[in-house]
Amino acid sequence: MKTTNISLLVTTLALSFSAFAQVDGVIHAAKILINPEQDALTEQTLVLEDGKVSAIHEGYRSLTSLGLADVPVYDLKNHYVMPGMIDMHVHVTFERDKDANPHNWLTKEDADYALHSIPYLKRTLDAGFTSVRDLGSNYKVIFPLKRAVEAQTIAGPRIFAAGNAVTATGGHADLHGYRHDVTEAMSYSLGVCDGADDCQRAVRDVIKHGADVIKITATGGVLSNTAAGVNQQLTDDELTAIVSAAHNLGRKVAAHAHGTGGINAALRAGVDSIEHGSYLDDESIKLFKKHDAYLVPTLLAGHTVSEEVLSNPNMPKAVADKVREVAPKMEKAFRSALKNKVNIAFGTDSGVSRHGDNAIEAELMVKYGMTPKQVLISATRSAAKLLGQEAHLGSLEVGKFADIIALEADPEKDIKALSKVAFVMKNGVVYKQEN
Ligand SMILES: [Zn+2]
């Protein structure tokens, strides 16, 4: 009894003294974007404590003047410092390899996918992306990876994951291109649904298995091996049922959608984001604004497959035809959304492209009309809002997570600077530091 009282007292004392907090380090930043929606500041000192920003001071402050000792000081006096970037559309459990045997996947165990994902996660983090939203990966692989990153067993960005996508039977995220008994044996039934009731069950089932967000395939897609076009695949009733089931359980809905009818039906049903949005029209623009929904453009995916179709004779005809038809539409859709001030959150569909090349999306966004400043906002503040994490991520005010990167040059002057990441900190822990 006595022991219990003493340990309770010690715990209470520890909690009441801030001196017990762990100071992770101090950063001296030549230029720093505290809030991407405002101007960058020069010559600032950041104090990081318990994985969060605990103080910001004007000028370069010494440890002594801050009352600190034996704490690492990160000299970023030649760098542009900003919040870690957020990629809202990745698939970290695979990477497209046009030279690989297309049937390789039939030979692999789930653990093969998990082990192969380790360098993908490391590359993504080293590229300055401290958070990602994984929109479609086998739940048996992605959730263990997420837990391994959280436990710091492996290095990687924070993962917000959907697990398996919710899709109609024969829909974009179902398995295609093999004889019936092979698809039966190899497909994960999790997420496949037909009818409003069944789709509500599917949403609840993926959440039960760990989904942070619901990914749906509202329309056909480009890379599924089926000549089914890119029109609406989930019915209006199914979409409404999915959104209400997800929102009731506190999950947002990300809708893969290319065809106009499917984009608009998904927006009417109340999804939180449209992924790709290739054929969006004037009605879509009105619906985006009415529902305060986001477009996640994934220009890099269109760019990557457009190059591949020119050089890969082994791309199935059903896929190659859709690539030629859909990919060129993405620029116009993006320009229209931008002109009409639709919310745009940064997302690449990496896995279609190489993991770690995520920042190329930023160059495409600028090429298609965005200012570098708008790109920075889309990859930080806007992404954090769409994640529902703006209290923690996307800016560096006091109290936000210490997810911080440093670039060799100023991305507001040349967006290519986003590809030259010299320093990466996540949750107060340094993962990359180049001199
Ligand atoms: Zn995707």
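**Close-up views of the predicted model**

View 1. Histidine 276 is buried, with a relative accessible area of 6% (buried: under 20%; exposed: over 50%; partly exposed in between; 1.4 Å probe, protein chains only). The model is predicted: local features need pLDDT of at least 70, side-chain atom pairs count only at pLDDT 80 or more, and totals for chains, interfaces and linings use all residues. Residues are numbered from 1 along each chain as its sequence is written, and side-chain values use heavy atoms, without hydrogens or water. Histidine 276 sits in strand E12 (residues 273–276) (DSSP runs numbered from the N terminus; strands at least two residues, helices, H or I, at least four). Its phi is positive, about 85°, although histidine 276 is not a glycine.

**View 2. Glutamine 152 in a loop.** Glutamine 152 lies between H3 and strand E7 (158–161). This residue, too, is not a glycine, yet its phi is positive, about 60°. Most residues other than glycine have a negative phi.

**View 3. The zinc site.** Three residues coordinate the zinc ion: His89 (NE2), His91 (NE2) and Asp349 (OD), at 2.1 to 2.2 Å. Along the chain, the donors follow the spacing H-x1-H-x257-D (donors: N, O and S atoms within 2.8 Å of the metal, 3.2 Å for Na, K and Ca; water is not among the atoms, so sites may look incomplete). Histidine 89 and histidine 91 are both buried.

**View 4. The largest nonpolar core.** This core has 82 residues (buried Ala, Val, Leu, Ile, Met, Phe, Trp, Tyr and Cys joined through side-chain atoms within 4.5 Å). Ile214, Ile216 and Ile274 have the most contacts inside it. Helix H3 (residues 139–150) gives the largest share, six residues. Leaving aside neighbours within four places in sequence, isoleucine 216 is in contact (heavy atoms within 4.5 Å) with residues including Val166, Leu234, Leu239 and His256. A second, separate core has 16 residues, among them Ala29, Leu76, Ala402 and Phe423.

**View 5. A tilted aromatic pair.** The structure holds two aromatic pairs (Phe, Tyr or Trp rings, six-membered for Trp, with centres within 6.5 Å; planes under 30 degrees apart are stacked, over 60 edge-to-face, the rest tilted). The ring centres of tyrosine 74 and phenylalanine 423 are 5.4 Å apart, and their planes lie at 55°, so the pair is tilted. Tyrosine 74 belongs to strand E4 (residues 73–83) and phenylalanine 423 to strand E16 (residues 421–426), 349 residues apart. Tyrosine 74 is buried at 10% relative accessible area; phenylalanine 423 is buried at 1%.
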